[in-house]
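Good morning, colleagues. Please look at the structure on the screen while I describe how its two chains meet.

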Amino acid sequence: MNEVLAQLSNPAVAGAIFVGIVAGMVAGALPGLTATMAVALLVPYTFGWHSDIAGLMILLGVYVGTMYGGAVPAVLIHTPGTPAAAATCFDGYPLSRQGKAGLALGISCITSVVGGLFSAGVLILVGPMIAEQALKISPADYFAITILGLSVIAGVAGKSLLKGLIMGAVGVLAATVGQDPAQAHPRFTFGSDYLLDGLSFIPVMIGVFAVAEALHQVSEMWRGSRVVQAIGRVLPTWQELKQIAPATMLANVIGTVVGAIPGAGGDIASFVSYDQAKRVSREPEKFGEGSLEGLAAAECANNSITGGAMIPMLTLGIPGDSVTAILLAAMYVHNLRPGPLLFSQHADKVGAIFAGLVIANLVVLPLGLLGAKPLARIVSIPRHILWPLVVVLCVVGSYALNNSFFDVWLTLGAGVFGYAMKRLGFPPGPLVLGLILGPLAEEKLTTALQISRGQVSVLWDSPLSIVIYAVTALLLVATALGRRERRDAKQEGASE
Amino acid sequence: MSPALFPRIAAAAVGAFAFAYVVLTVSSPGYAAAAEAGASGGRITGLMLLFGALIVAYALAMRGVGFALSTFLFLWVSMYALHRERAWLSALIAAAAALAISGIFGALLNVDLPTLTRASSRRVGTTQSSR
């Protein structure tokens, strides 16, 4: 406990949380800059830091800040800053048109903080228990868990599941470039020394998310600019807070549970929560026309996934969504291997992450309420200034990894590939998941087969493996049903 | 376990999913339409191609003239090319941004950015060694 407090009292760590939240709120407020992209852009800059915890804190801050920041353009210009804020548009924008943009931003901020704190509390209570049980897992069981992790692809696949699966498999295939884990035999290196260590996932990640989005945004510049509404009162009254309390509590639970399910991200959580809040509301007819309950349900749910998504990431090394996939990669870079051993070998750092998540959510409250008006101005930064700057950050970020121009070219190549795939509707998230989880799956498969002397049946011999495969199948079905519910809610929201 | 086993499994998965996608797209127009709905669309405009070319030129120039100067030139030219108004304002923003980014990443975050002097000394070294 004392070590955790000592780490958090370090000005560099406290400053990192603050800077991360501000950066996240700004990134979330800019349409096109998602939480995934913002965290991916920032990861390389944290490498050279003396404190691993400060590096992770800034990323956590960005994650939490972006989730709130995404509501700003959703409320003001009917454009979600992040996919998780899509349901916020349904009632946020009508409120804005009624001259209540400030109130909508205030409620978004308060419910985001409540959701974030609730899920952080659940993470702190449940995380260590799961990690303790996970220590008994064999390599074959762990291989089953990586397959469960790869099922996240179903959740981040976008409109077409098959396209997501193709991209995931391409990511796993790309992860085999370099030396194989058992015999260090070079694969797909074409004699290049640069490729011996494999394709580094950070430049690929920056390319497919950020460079591809920059190219896309420039191709859309002919559409013209946006108009921002007036802001008005930010703080809600006591009566309004009481009105949104039931929807907020419901969204807390839904968001945390959905967040903990690998593959189900903030967008699914907010749509499911919005739909359920409407079902239990006394005024369902107001949903879609500026309902404070609808806004609270959507915003609280998309922030309460932050703690939920970190439960499988920290305890099993499986990302809950695409942002935690990148946080997972960042932890590897900082020599922290997420999984059950993390809790025993780096208890102080796990404690600091828990505390950092709570602090980050608490800091969002004053920053979000005071920053509502400046954030509204950020929404209107001209795109001809924004996207060249994003490209510069991508180039510096990829160069900073190893001071190597090879990584810069890898980023730009991945950007062009990502843009082409975006045009064709192939999502980038599964590619990155495949790149991250592919080597882990291969390593566990190799170890399991070496222990069993080549007996493939070892992969499904233990009851735990069978349970994990069954859970994977169930999650795939549940994700498919969730996708349908989200589509229905979206259609309903649009029609109202 | 052969080093080729895992890549083969991954390649087989890519092939199987791609085959399923092609079969579904060809056999069901409804599926094809739903899958196409995920595509971003957008236009491959001359502006976008110019922006892409500027990014490539930027990455090439960084090695030759250093980070600060190449960043300034890239930002100035691309901002002006994307908006075509008030070149002096674009130059001002580009200069401020290039200085700020160089300062933050070079001095504050200890990123060893390429510099003009290092690039020139490398060129001199190359010339001398070739002699």
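Two residues count as in contact if their C-beta atoms, placed from the backbone, lie within 7 Å. Among contacts in chain A between residues at least 6 apart in sequence, 80% join residues at least 24 apart. This is a predicted model, in which local features need pLDDT of at least 70, side-chain atom pairs count only at pLDDT 80 or more, and totals for chains, interfaces and linings use all residues. Residues are numbered from 1 along each chain as its sequence is written, while chains are lettered from A and ligands numbered from 1 in the order in which they are written.

Chain A holds 22 helices and two strands, these being DSSP runs numbered from the N terminus (helices H or I, at least four residues; strands E, at least two).

I turn to the interface. Chain B and chain A each contribute 48 residues to the contact. On the side of chain B, α1(B) gives the largest share, 11 residues.

How do α10(A) and α1(B) cross? Their axes, lines fitted to C-alpha atoms over the stretch in contact, come within 8 Å and cross at roughly 160 degrees, the angle running from 0 to 180 degrees between N-to-C directions. The two helices, α10(A) and α1(B), are therefore roughly antiparallel, a term for angles over 145 degrees. Among the residues making this contact are Leu162(A) and Ile166(A) of α10(A), with Val14(B) and Phe17(B) of α1(B).

Definitions and conventions: Parallel < 35°, antiparallel > 145°, perpendicular 65-115°, else oblique.
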